[in-house]
Amino acid sequence: MKKMLLVSALLGSSLLMASAEAPNTEMIKKTMQNLERSMSKIQKGFLYNSRARIKGGIVSLRRDLKNIDSFLITNDADVKFNAKVYATTETKALDTMASKIIEDFDKGDKEAVMKEFNQVLNRCVTCHALVRKW
Ligand code: HEC
């Protein structure tokens, strides 16, 4: 019984520690990890020449992009731009580009497809560079 109490006390304190983080940090991470997974899926689609994989990746990417503009970039205190506006504009641009990927894939324009994929990835990294102050 004593052991049980100790375990629950430990669990309780680790839960408390987790909630002491910035409120939306977990949500940002989850969204971002989903975005990364979608990008990998799209890339796999290219490598395996699987339209279904590309399409699936685009659909989930667009779904998670919607969550980007619902949070503020956290450590933007000394960044001289409006992070919220930036995130919203980026999200729209990324969304448009993502849907172009599948359109151009269906047209058989592989060159445009690769270009758009890289543009999407560049935009991911551009925001990270700002956030991480590279
Ligand atoms: C408008 C800004 C913005 C854009 C655009 C953006 N991210 Fe992020 N990303 C963040 C922030 C904020 C974090 C959390 C802070 C950090 O990791 O430096 C993050 C973190 C991440 C992480 C690390 C998550 C973790 O668990 O540590 C991955 C992976 C990631 N992003 C993938 C992507 C991908 C893929 C895209 C493009 C499809 C993308 N991001 C676009 C702001 C952005």
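User: Is V59 buried, exposed or partly exposed in this model?

Analyst: In this predicted model, V59 has its place in helix α3, and its C-alpha lies 8.7 Å from that of A98, a residue 39 positions away in sequence. A residue needs 20 or more other C-beta atoms within 10 Å to be buried, and 12 or fewer to be exposed. Because V59 has 15 C-beta neighbours inside 10 Å, V59 counts as partly exposed.

User: Is L65 buried or exposed?

Analyst: L65 also belongs to helix α3, and beyond its neighbours within four places in sequence it is in contact with T91, L94 and D95. The C-alpha atoms of L65 and L94 are 7.7 Å apart, although 29 residues separate the two in sequence. Since 21 other C-beta atoms lie within 10 Å of L65, this residue is buried.

User: Which element gives the most residues to the largest nonpolar core?

Analyst: The largest nonpolar core has 14 residues, of which I58, A98 and I101 touch the most other members. At least two residues of this core come from each of α2, α3, α4 and α5. With five residues, the element that gives the most to this core is α4.

User: Which residues does I58 touch, leaving out those up to four places away in sequence?

Analyst: I58 is one of the residues that touch the most other members of the largest nonpolar core. Once residues up to four places away in sequence are left out, the residues that I58 touches are I42, A98, S99, I101 and I102.

User: Against which elements do the buried residues of α2 pack?

Analyst: Helix α2 has 24 residues, and its first and last C-alpha atoms are 34 Å apart, close to the 34 Å expected at 1.5 Å a residue. Within α2, the residues L35, S38, I42 and G45 are buried. The elements that these buried residues pack against are α3, α4 and α5.

User: Which residues of α5 are buried?

Analyst: Helix α5 contains 23 residues and reaches 33 Å from its first C-alpha to its last, close to the 33 Å expected at 1.5 Å a residue. Just after α5, K133 takes a positive phi of about 55°. What covers the buried residues of this helix includes α2 and α4, and those buried residues are V113, E116, F117 and V120.

User: How do the residues of the shell around the ligand divide into nonpolar, polar and charged?

Analyst: The ligand is surrounded by 19 residues, and the closest are M32, L35, E36, C124 and C127. The elements that give two or more residues to this shell are α2 (25-48), α4 (83-107) and α5 (110-132). One of the closest residues, L35, is also among the buried residues of α2. By class, the shell divides into 12 nonpolar, two polar and five charged residues.

User: Is K84 buried, exposed or partly exposed?

Analyst: K84 lies in helix α4, and its C-alpha is 7.5 Å from that of F71, which is 13 residues away in sequence. Because K84 has 14 C-beta neighbours inside 10 Å, K84 counts as partly exposed.

Terms used
Residues are numbered from 1 along each chain as its sequence is written. This is a predicted model: local features need pLDDT of at least 70, side-chain atom pairs count only at pLDDT 80 or more; totals for chains, interfaces and linings use all residues. A residue is near a molecule or strand if its C-beta atom, placed from the backbone, lies within 6 Å of it. Helices (H or I, at least four residues) and strands (E, at least two) are DSSP runs, numbered from the N terminus. Ala, Val, Leu, Ile, Met, Phe, Trp, Tyr, Cys and Pro count as nonpolar, Asp, Glu, Lys and Arg as charged, and the others, Gly among them, as polar. A nonpolar core is a set of buried Ala, Val, Leu, Ile, Met, Phe, Trp, Tyr and Cys residues joined through C-beta atoms within 7 Å. Two residues are in contact if their C-beta atoms, placed from the backbone, lie within 7 Å. The expected span of a helix is 1.5 Å times one less than its number of residues.
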